[in-house]
Amino acid sequence: MNITLSPQSFSNYENNYKKNPSFTSNYQVLNKRRPYCTYFFREDLQWGNFVRYLNLRFKDADKVNIYNAACSDGTESYTLIMSLIKHLGKEKAKKFFPIKGFDLNQRQVNTAKSGEIPLLPGIYYLCDLFSIKFHTLFNDKKFLNYVTLKNGKKGVKFKDDLKSLVEFRQANIFDEIAKKKKNEENCVFFCRNMWMYLKEDEQEKLAKMLSEVCGHNSIVVLGNYDLSAAHAHSLLLKNGFEETYIDNVYEKMV
Ligand SMILES: C[S@@+](CC[C@H](N)C(=O)[O-])C[C@H]1O[C@@H](n2cnc3c(N)ncnc32)[C@H](O)[C@@H]1O
């Protein structure tokens with residue numbers, strides 16, 4: 001298997017998977033070669049539409065718990081926080097905080113906790129598309145309200161008021177979900193771009209566990225690679241979830 005340290009890693013994985021459907025990977029293989037591969041406003045979720053959807057869906061809830069499984073270096077949680085505040089305003093966004101982020105990798109969790117996120121050239125600048133995207137981001141005044149730029153734009157540091165809206169921990173998703181009570185209402189599980197780290201039986205187990213913990217008005221959010229390089233979509237449908245009108249968002253039919 002040839003995994004390079006770049007956003008292409010997933011394409012390689014996907015091609016291998018297509019060539020040989022019995023090809024499965026695991027945490028050790030993928031994580032050793034390419035530990036990060038996450039970026040701000042990852043385009044497989046329409047962030048603006050998504051948070052407006054959250055606002056409508058949870059309009060009657062006083063509190064909504066958001067679990068950001070496989071949060072990596074925190075980029076995803078910070079993207080969500082910025083989107084919630086931008087589109088809903090601070091007051092309406094309040095009930096979604098604090099977001100609870102966790103990841104198996106201690107080093108990534110340390111970075112997330114520090115709020116100081118390096119943008120590694122090996123990952124972020126190999127591909128022109130991403131460079132352009134970051135260039136735009138750095139010139140976006142709203143984004144710059146939340147961060148200070150580090151090392152000549154090679155990293156960002158989130159300000160304390162934003163950092164206080166998320167709690168990060170090191171945890172395995174299976175242990176974390178096993179601790180949860182069944183049928184939790186009004187919760188959001190982010191499990192994005194992580195299913196391909198799991199073997200097939202683990203993917204089945206995760207879908208079943210998510211189905212058990214998600215109660216009334218609870219949703220699961222996937223990433224594109226969970227659909228193309230893993231079986232998350234069909235497994236969620238098999239376990240009582242349905243697609244919503246927002247791409248990659250699934251609701252539990254209770
Ligand atoms: C490619 S990153 C995805 C980051 C982010 N969710 C995104 O979509 O941009 C995959 C992350 O999954 C984490 N991961 C893999 N298996 C995990 C598990 N069993 N429990 C928690 N995190 C896991 C890895 O450590 C890695 O940080």
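The structure is a predicted model, in which local features need pLDDT of at least 70 and side-chain atom pairs count only at pLDDT 80 or more, while totals for chains, interfaces and linings use all residues. Residues are numbered from 1 along each chain as its sequence is written.

The chain holds 13 helices and ten strands; helices (H or I, at least four residues) and strands (E, at least two) are DSSP runs numbered from the N terminus. Of its 254 residues, 37% are buried. A residue is called buried if 20 or more other C-beta atoms lie within 10 Å of its own, exposed if 12 or fewer, and partly exposed in between, with C-beta atoms placed from the backbone. Two residues are in contact if their C-beta atoms, placed from the backbone, lie within 7 Å. Among contacts in the chain between residues at least 6 apart in sequence, 79% join residues at least 24 apart.

Seven strands form an open sheet in the order β6-β2-β1-β7-β8-β10-β9, and the pairing is mixed. Its edge strands, each pairing on one side only, are β6 (166–170) and β9 (241–243). On average, neighbouring strands of this sheet are turned by 20° against each other, direction ignored. Two strands count as paired if DSSP finds at least two bridges between them. Strands of a sheet pair through backbone hydrogen bonds, either parallel or antiparallel.

Within this sheet, strand β1 (residues 65–69) runs parallel to strand β7 (residues 187–191), and five bridges join them. Asn 68 stands opposite Phe 190 in β7. Ile 66 also belongs to strand β1, and it counts as buried because it has 22 C-beta neighbours inside 10 Å. Ile 66 and Val 188 are 122 residues apart in sequence, yet their C-alpha atoms are 4.7 Å apart in space. Leaving aside residues up to four places away in sequence, Ile 66 touches Phe 96, Ile 99, Lys 100 and Val 188.

Elsewhere in the sheet, strand β8 (residues 219–221) pairs with strand β10 (residues 249–252) in the antiparallel sense over three bridges, and the bridge partner of Ile 219 in β10 is Glu 251. Three bridges also join β9 and β10, again in the antiparallel sense, with Phe 241 opposite Lys 252 in β10. β9 and β10 form a hairpin with five residues between them, and Asn 248 in the turn has a positive phi of about 70°.

Helix α5 lies across β2 (99–103) and β6, running at about 160° to β6; axes are lines fitted to C-alpha atoms, for helices over the stretch in contact, and angles run from 0 to 180 degrees between N-to-C directions. Arg 107 is placed in helix α5 (residues 106–114). This residue is exposed because 12 other C-beta atoms lie within 10 Å.

A second open sheet has three strands in the order β3-β5-β4, with antiparallel pairing. Its edge strands are β3 (116–118) and β4 (147–150). Three bridges join β3 to strand β5 (residues 155–158), and Ile 117 stands opposite Val 156 in β5.

The largest nonpolar core has 58 residues, of which Ala 69, Ile 81, Phe 189, Cys 191, Val 220 and Val 221 touch the most other members. Helix α4 (residues 75–93) supplies the largest share of this core, seven residues. Such a core is a set of buried Ala, Val, Leu, Ile, Met, Phe, Trp, Tyr and Cys residues joined through C-beta atoms within 7 Å. Not counting residues up to four places away in sequence, Ala 69 touches several residues, among them Phe 102, Ile 173 and Met 194.

Around the ligand there are 20 residues, of which Thr 38, Ala 70, Ser 72, Ile 173 and Asn 193 come nearest; a residue is near a molecule if its C-beta atom, placed from the backbone, lies within 6 Å of it. Ser 72 is found in the loop between β1 and α4 and is buried because 25 other C-beta atoms lie within 10 Å. Although it is not a glycine, Ser 72 has a positive phi of about 55°.

Two further backbone details lie in loops. Phe 41, in the loop between α2 (27–33) and α3 (47–57), has a positive phi of about 50° although it is not a glycine. The peptide bond from Phe 97 to Pro 98 is cis, with omega near -5°, and Pro 98 is placed in the loop between α4 and β2.
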